[in-house]
Amino acid sequence: MIKITTLVIAILFALNTNAQIIKGKVLVGGQISAGSSKTSIVSQPFPSPLPAPLPSTQTISNKVATIGISIGKAIKENKVVGFNFTTFSLNEKQANTPFDTTSRKANQYEVGVFYRQYKKLAKDLNFYVQLDAAAIFGKEKITYNSLYPYKLSGKQNGGKLFFSPGVSYAILKKLQLEISMSNLVSIAFLHSSQTSENPNVRTATNDQFSFNTSLSNNAGLGNLGVGFRLIL
């Protein structure tokens, strides 16, 4: 943790040269990322003298999408502060053939502030780092389709600090294309609660504190996002 914090401070200190974003400029941008996956697992029954049951198949498929909007102002050359709004959506389905199916729909929202600093790498090409602080709000619905179907409703709220590096390229005089590694390092607290329609399933609450970095699990490429930023 200390080493990563020191690295972030060192990078920010190194970015104090090569002015690129002029003081007073307003930056408006957004980012969209999406992905999907599908996994199937076949379980064979254990050997038994009784008639063998059919093998079961578990299929998990999900679709995720992220949309972010931000607006900031250059308080000094190469230094920008501003506001962010980000929404995440998840649509997941888990089928256990020939038994039951579980579907989950979740939405999460982040509202926060950011600080960004640029360093010129080449003509029209810049490297940047960004520090964010955001409040988190979310909700979800889980549907269990089985012999006795029921639904769960969930809510989340909390806060998050995260560090994201990236590169930007000026494809036009006032328009930049950005590729970022979102949430490269993050610290978050999340309070979750679930309410069930089934009286036999209790309401559950959970408090979670997490520290994550894609440097330790090789997930960096999976966090890449593409966006655009307009300089006014």
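Author: Helices (H or I, at least four residues) and strands (E, at least two) are DSSP runs, numbered from the N terminus. Before we go on, please keep in mind that this is a predicted model, in which local features need pLDDT of at least 70 and side-chain atom pairs count only at pLDDT 80 or more, while totals for chains, interfaces and linings use all residues. Residues are numbered from 1 along each chain as its sequence is written, and side-chain values use heavy atoms, with hydrogens and water left out.

Asp-124 has a positive phi, near 70°, although the residue is not a glycine. Most residues other than glycine have a negative phi. Asp-124 is partly exposed, with 31% relative accessible area; here buried means under 20%, exposed over 50%, and partly exposed in between (1.4 Å probe, protein chains only). There is another such residue to look at: Asn-78, also not a glycine, has a positive phi of about 75°. Asn-78 belongs to the loop between strand E2 (56–76) and strand E3 (79–97), but this residue is buried, at a relative accessible area of 2%.

Where do they meet through charged side chains? Glu-140 and Arg-104 form a salt bridge whose closest N and O atoms are 2.7 Å apart. Glu-140 is in strand E5 and Arg-104 in strand E4, so this pair ties together parts that lie 36 residues apart in sequence. The term salt bridge stands for a side-chain nitrogen of Lys or Arg within 4 Å of a carboxyl oxygen of Asp or Glu. Of the two partners, Glu-140 counts as buried at 10% relative accessibility, whereas Arg-104 counts as partly exposed at 28%. In total, the structure holds four salt bridges.

Strand E4 has a further story to tell. Arg-116 meets Glu-178 in a salt bridge, with 2.7 Å from N to O. That pair links distant parts of the chain, since Arg-116 is in strand E4 and Glu-178 in strand E7 (residues 175–181), 62 residues apart. Both ends are hidden away: Arg-116 is buried, with a relative accessible area of 3%, and Glu-178 is buried too, at 2% relative accessibility.

Arg-229 is buried, with a relative accessible area of 7%. Through shared partners, the salt bridges join Arg-116, Glu-178 and Arg-229 into one network.

What else touches this spot? Contact means heavy atoms within 4.5 Å. Tyr-128 also belongs to the largest nonpolar core, which has eight residues in all: Ile-21, Leu-27, Ala-74, Val-80, Phe-114, Tyr-118, Tyr-128 and Ile-231. A nonpolar core is a set of buried Ala, Val, Leu, Ile, Met, Phe, Trp, Tyr and Cys residues joined through side-chain atoms within 4.5 Å.

Moving along strand E4, you reach Lys-120. Lys-120 is partly exposed, with a relative accessible area of 38%. Between Lys-120 and Val-167 there are 9.7 Å from C-alpha to C-alpha, with the two residues 47 apart in sequence.

Finally, step back to see the whole chain. Two helices and 10 strands are present, and from the N terminus on they run α-β-β-β-β-β-β-β-β-β-α-β. Among contacts with a separation of 6 or more, 65% are made by residues 24 or more positions apart. Of the 232 residues, 31% count as buried.
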